[in-house]
Amino acid sequence: FDYFCAVEVPEGQELLPGLPEMKVPAARYARFTHQGHISSIRETCGAIYETGLPALGREPDTTWFSFLEYYGPDFEPSTGTGTVEIWVALRD
């Protein structure tokens, strides 16, 4: 699988040599908030695909990737706590 760690770069800003650019495609996304320590994020992802998306009556669009993880400004890597969202692109 591919795993990317990314940061938003303002339009027109030069990237450091050797760093690839990835643009998140425009799409309709379902956003799910992970509750609890980051070590339990696997359970959140499982629940999204097993119950969350079916409850919405939607299917994921995995054309580009399975999902995105968004770590909010309050996320603290040293404690594994703070805002984490899972974004899943949806099929039309």
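Tyr 71 has a relative accessible area of 32%, so it counts as partly exposed. This value comes from a predicted model.

Which residue forms an edge-to-face pair with Tyr 71? The partner is Phe 75. The ring centres lie 4.8 Å apart and the planes meet at 70°, so the pair is edge-to-face. The cut-off for that label is over 60 degrees.

## Phe 75

Is Phe 75 buried or exposed? Its relative accessibility is 15%, so Phe 75 counts as buried. The limit for buried is under 20%.

Setting aside neighbours within four places in sequence, Phe 75 touches a run of residues: Gly 80, Thr 81, Gly 82, Thr 83 and Val 84 are among its contacts. Ile 38 is in contact with Phe 75 too.

## The nonpolar core

Phe 75 also belongs to the largest nonpolar core, which has 11 residues. At least two residues each come from β1 (29–34), α1 (41–56) and β3 (84–89). Helix α1 gives the most, with four residues.

In soluble globular proteins, nonpolar side chains tend to be buried together.

## Other aromatic rings

How many aromatic pairs does the whole structure hold? A search finds three. One of them joins Tyr 29 and Trp 87 in a tilted arrangement, 6.2 Å centre to centre with 55° between the planes. This pair links distant parts of the chain: Tyr 29 sits in strand β1 and Trp 87 in strand β3, 58 residues apart.

Trp 87 is partly exposed, because its relative accessibility is 24%. Together with Tyr 70, the residues Tyr 29 and Trp 87 form one aromatic cluster.

Note on methods: Residues are numbered from 1 along each chain as its sequence is written. This is a predicted model: local features need pLDDT of at least 70, side-chain atom pairs count only at pLDDT 80 or more; totals for chains, interfaces and linings use all residues. Side-chain values use heavy atoms; hydrogens and water are left out. A nonpolar core is a set of buried Ala, Val, Leu, Ile, Met, Phe, Trp, Tyr and Cys residues joined through side-chain atoms within 4.5 Å. Buried means under 20% relative accessible area, exposed over 50%, partly exposed in between (1.4 Å probe, protein chains only). Contact means heavy atoms within 4.5 Å. Rings of Phe, Tyr and Trp (its six-membered ring) pair if their centres lie within 6.5 Å; planes under 30 degrees apart count as stacked, over 60 as edge-to-face and the rest as tilted.
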